[in-house]
Amino acid sequence: MSNQSLETIELELAILIRRLTTATADNRNLDRASYLLLRQLSDSGQVGVKTLARELQLDVSTVSRQAAALDQKNLVEKIKDPTDGRAFFYKITPHGQRELEIYRTARLTSIERLVTDWPAEDTESFGRLLKQFNQALRER
């Protein structure tokens with residue numbers, strides 16, 4: 001692996017993060033953190049804060065703050081654990097599911113426009129390599 005390759009990856013990732021942040025700033029209800037939390041709840045169903053924190057690789061306090069903010073917007077619902085009165089779960093509300101789908105559809109449409117002229121094998125390779133890179137980040 002060459003230094004030039006690493007420098008290219010580093011720079012292109014920095015540019016990508018900035019551009020993605022700018023491109024998704026127009027959704028007033030969801031930011032990146034909210035999207036990921038809602039996506040996790042949508043995929044997993046009713047989940048406790050500790051599980052969310054582990055899955056998202058965040059502190060429990062961070063997830064608690066993010067979930068509380070989403071609860072205020074009626075995007076998630078806080079449910080008491082029937083087996084432990086001190087614990088609770090979060091689940092996505094129908095309103096949260098709609099907002100998630102609106103945001104996700106807008107993101108997919110934007111990505112589709114960007115790669116529309118790419119050969120199918122390039123988009124498949126890009127997706128596979130990006131997933132591999134994210135898994136390496138998660139496991140580090």
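Is alanine 67 buried or exposed, and what is its relative accessible area? Alanine 67 is buried, at 0% relative accessible area, where buried means under 20%, exposed over 50%, and partly exposed anything in between, using a 1.4 Å probe and protein chains only. This is a predicted model, in which local features need pLDDT of at least 70 and side-chain atom pairs count only at pLDDT 80 or more, while totals for chains, interfaces and linings use all residues. Residues are numbered from 1 along each chain as its sequence is written, and side-chain values use heavy atoms, with hydrogens and water left out.

**View 1. The whole chain, for orientation.** Start with the overall layout: 6 helices and 3 strands, running α-α-β-α-α-β-β-α-α along the sequence. Helices (H or I, at least four residues) and strands (E, at least two) are DSSP runs, numbered from the N terminus. The C-alpha atoms fill a box of roughly 55 × 30 × 25 Å along the principal axes. Of the 140 residues, 21% count as buried. The accessible surface comes to about 10,400 Å², and carbon and sulfur atoms hold 53% of that; the areas come from the Shrake-Rupley method with a 1.4 Å probe, and for residues only the protein chains shown count as cover. Take the contacts between residues at least 6 apart in sequence, and 50% of them join residues at least 24 apart, with contact meaning heavy atoms within 4.5 Å.

**View 2. Alanine 67 and its surroundings.** Alanine 67 sits in helix H4 (residues 60-72). Leaving aside residues up to four places away in sequence, alanine 67 touches Leu37, Val76 and Tyr90. Tyrosine 90 is 23 residues along the chain from alanine 67, yet their C-alpha atoms are separated by 7.7 Å.

**View 3. Helix H2 against helix H3.** Two packed helices are described by the angle between their axes and the distance between the axes. Here, the axes of H2 (residues 32-44) and H3 (residues 49-56) come within 11 Å and cross at roughly 115°. Axes are lines fitted to C-alpha atoms, for helices over the stretch in contact, with angles running from 0 to 180 degrees between N-to-C directions. The crossing is right-handed: that is the clockwise case, whereas a left-handed one has the near helix turned anticlockwise from the far one by less than a right angle. On the H2 side you'll find Leu36, Leu37, Gln40 and Leu41, meeting Leu52, Glu55 and Leu56 of H3. Those contact residues divide into 5 nonpolar, 1 polar and 1 charged; Ala, Val, Leu, Ile, Met, Phe, Trp, Tyr, Cys and Pro count as nonpolar, Asp, Glu, Lys and Arg as charged, and the others, Gly among them, as polar.

**View 4. The sheet.** Strands of a sheet pair through backbone hydrogen bonds, either parallel or antiparallel. Two strands pair if DSSP finds at least two bridges between them; E1 and E3 have 2 bridges, while E2 and E3 (residues 84-92) have 6. Look for phenylalanine 89 in E3: glycine 48 stands opposite phenylalanine 89, and isoleucine 79 has phenylalanine 89 as its bridge partner too.

**View 5. The E2-E3 hairpin.** E2 and E3 form a hairpin with 2 residues between them. Aspartate 81 has aspartate 84, in E3, as its bridge partner.

**View 6. Two loop residues with positive phi.** Glutamine 57 lies in the loop between H3 and H4, and its phi is near 55°, a positive value in a residue other than glycine. Glutamine 57 counts as partly exposed, at 46% relative accessibility. Asparagine 74 is in the loop between H4 and E2, with phi near 60°, again positive in a residue other than glycine. Asparagine 74 is partly exposed, with a relative accessible area of 44%.
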